[in-house]
Amino acid sequence: MRTTRAALAALATTSLIFGGSLAAPAFATTPTGPDVKPSSGTKDNPTCGDFTSGALEEKIDRAPQVGDEAGPVTITKVTGNTFDFVSDLPVLVIVVKGGTQSAFNVYNYTTLKGTFGDDGLTTSTGQEISHVSFCYLPFKPTGELTVSKTAVATYDRKVSWALTKDVLTAGSEAGQADVTYSGTPGQSFTSTWNVQATKADSGPRDHLITGKITVTNGTNMQATVNVADTLDDGSRVDLDCDPGTEGAQVTLTLAAGAGVDCLYRAAPGGTSATLNTATVTTVETVPAGHVGFIGFGENEDGVKTTTAAVEFTENLDGSDSALLRDDLLSYSETIGNSAAIVESRTDTCPTERSAYDAFRKFTTTVENTAVLTPTGGTALHGSASVTLNCEYPATWKGETATGRGTAYPGSGNWFMYSSYSALSNGTGVDLVAGQHFDAGQVTASRGLASNSTSLTIVLDKGYRFAGVLENVKVQPLSTVPTKEVKVGSFSVKRTATGDSITISGLANTANYGIHVDVERQVD
């Protein structure tokens, strides 16, 4: 396994093979050039053994690139024929080969007791690098892995309570959680409210064994282990060392000094299990560049077992009594068995117009929540509601509407024609109904290089198109009117529904006569 840079603090106090303690890393925060002066030479294939003893060697057999790794070393920067690096383990010697006549540079850090990084390394000639050898110290693990476990065994007599609440409407057989009635003034609706509290006693059941296995990495480097757990009666054990990850996680990697609690659960059919055994096995060996053994003290085979006795205790889950309360139905009693509350209520739409809003709507909701609280337990809630939606009949008045603009000359009425410039200004013009009411908005548009005009009429709330044919009439006016243009002569006629209409393909003119038959809600 590869020791990460998080292990540098541990490495700083590790005894090195050539004696003494490791000094602080020599690599500066701001690049300053090599920390040691290189010596140069010529040789076809120099190796670490030519310059130091007891070191391991890793080679990059070409010019280094950012991200290259060689054992514990990572290349962090390359500029021309120079490079920077960092290392997880102390580097004693670096041989940079390149140029002609087998020339090389040797960077020797033994007087610094090794380095964890340096910058600006290059060949003796400044020519392209052909390969680099890194000579570094092996790392010896210390400490050991430890394992402990717990076991808790129970069986239950479980008493459970359930609560339902619904509303039964007239003529129906099944209750509903939420009922909605729609009606008119004076109309009544009768509902039957039902509350049902149900008690269930299971008797002895639900044998359960739970616990945790604690694995602690007391070594000075990361360790990967596999965890297993068994019961002596052969019952299945579900084990997971990482509940936050999908699936059962039983193989895990622990950083130096870290620990983990693996949770397990078993549901045996009885009480025959008496012993629970956990087995932890190391998965990885010490990688290249490290010496020694990661394990459990003197247990050199990398396997550790630990046990816990299984002793069952009885657990009463639940309560034999509960408080049933329903404030709407004026009920509050402590019960020891299943119980039901049934009551009918009638709701009526109001007859007074003053009870309705400006849109002739009246809405009221009766919400009812029953609460069942087992003694010493958590309250259960059952809710139902009845909503009454009432609508007062509307009164509509027919109106004639026209686009706001200029009155026709010499006419005896208030009808107007609208200019395209006003219709197309972004907001359009008002649709005036009955001379005094703003019934909506009229807008017009023409696309680039378009030879036609589109006209859109949108009605305001409280207005609708009259239920007659050809309730929208439009007349493109090629000249400014000198007298009233009669609606009967309008050339474009449409029948609109809903609250809007768009008429396309109109002739491009400076003015338009617009006539709309609408209805205005007066109550």
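A disulfide, in the sense used here, is a pair of cysteine sulfur atoms within 2.5 Å. The model shown above is a predicted one, in which local features need pLDDT of at least 70 and side-chain atom pairs count only at pLDDT 80 or more, while totals for chains, interfaces and linings use all residues. Residues are numbered from 1 along each chain as its sequence is written, and side-chain values use heavy atoms, with hydrogens and water left out.

By the distance rule just given, the count of disulfides comes to three. When the bonded cysteines of the chain are numbered in sequence order, the pairing reads 1-2, 3-4, 5-6.

Cys 48 lies in the loop between β1 (39-42) and β2 (56-60), whereas Cys 135 belongs to strand β8 (residues 129-136), so the bond ties together parts that are 87 residues apart in sequence. The torsion about the S-S bond of Cys 48 and Cys 135 is about -90°, and therefore this disulfide is left-handed. Both Cys 48 and Cys 135 are buried.

Another disulfide connects Cys 241 with Cys 262, S to S 2.0 Å. This pair links distant parts of the chain, 21 residues apart, with Cys 241 in the loop between β14 (237-240) and β15 (251-254) and Cys 262 in strand β16 (residues 259-266). Here the torsion about the S-S bond is about 105°, so the disulfide of Cys 241 and Cys 262 is right-handed. Cys 241 counts as buried because its relative accessibility is 7%, and Cys 262 is buried with a relative accessible area of 0%.

Cys 349 and Cys 390 also form a disulfide, their sulfur atoms being 2.0 Å apart. Since Cys 349 lies in the loop between β22 (339-348) and β23 (361-374) and Cys 390 in strand β24 (residues 380-391), the pair ties together parts that are 41 residues apart in sequence. With -80° about the S-S bond, the link of Cys 349 and Cys 390 is left-handed, and both Cys 349 and Cys 390 are buried.

We turn now to the pairing of strands, where two strands count as paired if DSSP finds at least two bridges between them. Strand β25 (residues 396-403) runs antiparallel to strand β35 (residues 511-521), and seven bridges join them; Ala 401, for instance, has Val 516 in β35 as its bridge partner. β25 also pairs in the antiparallel sense with strand β28 (residues 429-433), over three bridges, and in that pairing Gly 403 stands opposite Leu 431.

Empty space inside the model can be described as well. Rolling a probe the size of a water molecule over the atoms shows where empty space is left. A cavity is a set of points, on a 1 Å grid over the protein atoms alone, where a 1.4 Å probe fits but cannot get out, and its lining residues have an atom within 4 Å of a point. The count comes to one cavity of 30 Å³ or more, and the largest cavity has a volume of about 50 Å³, a volume being the space filled by probe spheres set on the points, which are joined across faces, edges and corners. Among the residues that line the largest cavity are Thr 402, Tyr 408, Phe 415, Glu 484 and His 515.

Some single residues complete the tour. His 207 is found in strand β12 (residues 188-217) and counts as buried because its relative accessibility is 19%. Ser 478, placed in the loop between β32 (472-477) and β33 (492-494), counts as exposed, at 66% relative accessibility. The C-alpha atoms of Ser 478 and Thr 509 are separated by 5.1 Å, although these residues are 31 residues apart along the chain. Thr 82, in strand β5 (residues 82-98), is partly exposed, with a relative accessible area of 26%.

How values were computed: Helix = DSSP H or I, 4+ residues; strand = E, 2+ residues; numbered from the N terminus. Buried < 20%, exposed > 50% of the residue type's maximum accessible area, 1.4 Å probe, protein only. 1 Å grid on protein atoms, 1.4 Å probe; cavity = no way out; pocket = protein on both sides within 12 Å on 5 of 7 lines; lining within 4 Å.
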